[in-house]
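Please open the model in your viewer and keep the selection panel at hand. The stops below go from one selection to the next, each with a short account of what is there.

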Amino acid sequence: MNTEVTVFYFAKSAELTGLKSETIRVPSELTTLELWQELVNRHSRLSAVRESVVLAVRQEYVAFGNQRVSLQHGDEVAVIPPLSGG
Amino acid sequence: MNTEVTVFYFAKSAELTGLKSETIRVPSELTTLELWQELVNRHSRLSAVRESVVLAVRQEYVAFGNQRVSLQHGDEVAVIPPLSGG
Amino acid sequence: MAEENPRDLVDLTHDKLSVDAVSESVTCPSCGAISIFIGTTRNSFDGNKVVRLEYEAYVPMAQSELRKIYADIRARWPTVRHICVHHRLGVVPVTEASVIIGISSPHRRDALEAVQHCIDSLKATVPIWKKEVYEVAEPCWKENKECQWTEQT
Amino acid sequence: MAEENPRDLVDLTHDKLSVDAVSESVTCPSCGAISIFIGTTRNSFDGNKVVRLEYEAYVPMAQSELRKIYADIRARWPTVRHICVHHRLGVVPVTEASVIIGISSPHRRDALEAVQHCIDSLKATVPIWKKEVYEVAEPCWKENKECQWTEQT
């Protein structure tokens, strides 16, 4: 089953996709690694930052791996490059 | 030989002497303990704070003891109660 | 009494920051100490002249990550009274403040330690990004060494 | 260039203190960090309601002792750029600042540590005195625990 989520891109990842955000349909149950792959399928240039980003789901950090996430309609997903606030 | 110095009193010591400052004649060579005694001779109430003050001579701290100081005309001496700045 | 409730204050703003505003927002009659940290824009990096910085944030998540830091500070320094972070977004010219942190406590040790912990944690976990724009070289997205997933560490 | 010369600033004043003024006086284009400590008047001590504080100083010696502290800071943290201490004298009402310390450095660790050292040293060696005036109890000359010749330690 698929669901609709909003993806936010920041910093370098926004430059690579040319987008600040987009709404996409993804499987509602998947691993964080599969979620990343969904994003790379849409924006191949993202693969350049694979080693230096993490994801956030519903505004909580998630690491890449086999950890499963359940997504609901309207959930926020974000690509989080290395932080440089302060 | 005697010389004339200006003595400053601060905080509790100013309350005990009733003075902010005064000019007095004292021996030009004496120990810091003798210098203190000169002050107590003038203001007996100062003896109450003997254990909790130090002196400053020419704006430098000196401890009570047999350490000798040479005083010149116009030198500043000060009675320094426990500090509470900040 | 206002004094009874510890304040957890956050402001992410495009406006110029004010040290006085942060200081006043954490002042309280039962506190003897306020510690403040100001992060400012430097004029050069590795010999490249910096023209300006540009900040962006994932605003709602930045706010929630800051509140996690505040909860952690209150667990470590229970006497801390008020906590305030103002972080600027958008363009920040050289010498202007990008972040101001203010923390009050009855005695100074707690506020001093908590401010240091707050800026260290902010750099590690709060989703905010800074692009340095140079006079000559290409603009560069910076990476805090405190961040756990930079390639540089 | 003004930036080349580290500034050692001292002001002992009967005027109300300004955090912005201290912050601006230590700002410099090559620094990324400013750390500020503000000591404020508390409203109670041991259950006695404090009405106000009164400060007095041995002004010229206070200035020279502060400059000794600055020299010590520069020896310990050579990257420290500007140092500024404003200390208020006379009557200070509750919640107002009695002292503001500001220190800038290229990287934050130095400014943060130096400010802490500065307030610790100030309390130990700078000839300034504070009388607490209470609503009911007799006024009391305070004694910093950092001072080496108080009877209380």
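Begin by selecting chain C and chain D together: the area buried between them is about 2,800 Å², of which carbon and sulfur atoms give 47%, buried area being the accessible area (1.4 Å probe) that two parts lose on being put together, summed over both. Within chain C, pick out C:Arg42, C:Arg108 and C:Gln116, which supply 21% of the area that chain C buries against chain D, more than any other three residues. This is a predicted model, in which local features need pLDDT of at least 70 and side-chain atom pairs count only at pLDDT 80 or more, while totals for chains, interfaces and linings use all residues. Residues are numbered from 1 along each chain as its sequence is written, chains are lettered from A and ligands numbered from 1 in the order in which they are written, and side-chain values use heavy atoms, with hydrogens and water left out.

**The contact of chains C and D**

The contact takes 36 residues from chain C and 36 residues from chain D, where contact means heavy atoms within 4.5 Å. Between these two chains the count is six salt bridges, a salt bridge being a side-chain nitrogen of Lys or Arg within 4 Å of a carboxyl oxygen of Asp or Glu. To see a salt bridge, select D:Arg108 and C:Glu146, whose side chains meet at 2.8 Å, N to O. On the side of chain C that touches chain D, the elements that give two or more residues are H1, strand S2 (33-40) and helix H3 (108-125) of chain C; helices (H or I, at least four residues) and strands (E, at least two) are DSSP runs, numbered from the N terminus. The residues of that side divide into 14 nonpolar, 13 polar and nine charged, with Ala, Val, Leu, Ile, Met, Phe, Trp, Tyr, Cys and Pro counted as nonpolar, Asp, Glu, Lys and Arg as charged, and the others, Gly among them, as polar.

Next, show S2(C) with strand S2 (residues 33-40) of chain D: seven bridges join the two strands, which run antiparallel, and two strands pair if DSSP finds at least two bridges between them. Here C:Ala33 has D:Gly39 of S2(D) as its bridge partner.

**Strand S5 of chain D**

Move on to strand S5 (residues 83-88) of chain D, where six of the six residues are buried, so the strand is largely enclosed by the rest of the structure; buried means under 20% relative accessible area, exposed over 50%, and partly exposed in between (1.4 Å probe, protein chains only). In a regular strand the side chains alternate between the two faces of the sheet. Both faces of S5(D) are covered, with D:Ile83, D:Val85 and D:His87 buried on one side and D:Cys84, D:His86 and D:Arg88 buried on the other.

Strand S1 (residues 8-13) of chain D pairs with S5(D) in the parallel sense over six bridges, and D:Asp11 stands opposite D:His86. S7(D) runs antiparallel to S5(D) and is joined to it by five bridges, with D:Ile83 opposite D:Ile103.

**The contact of chains D and B**

Now select chain D with chain B, between which about 2,300 Å² is buried, carbon and sulfur atoms giving 57% of that area. In chain D, the residues that lose the most area to chain B are D:Tyr58, D:Trp129 and D:Trp149, together 36% of what that side buries. The contact takes 31 residues from chain D and 23 residues from chain B. Three salt bridges are counted between these chains, and D:Glu56 forms one with B:Lys20, the closest N and O atoms being 3.5 Å apart. By class, the side of chain D that touches chain B has 16 nonpolar, six polar and nine charged residues.

**Two loops of chain C**

Which residues is C:Glu96 in contact with, leaving aside its neighbours within four places in sequence? They are C:Lys16, C:Gly39, C:Thr40, C:Thr41 and C:Arg88. C:Glu96 lies in the loop between strand S6 (90-93) and strand S7 (97-105) of chain C and is buried, with a relative accessible area of 18%. C:Lys16, in the loop between strand S1 (8-13) and helix H1 (19-26) of chain C, is exposed at 60%.
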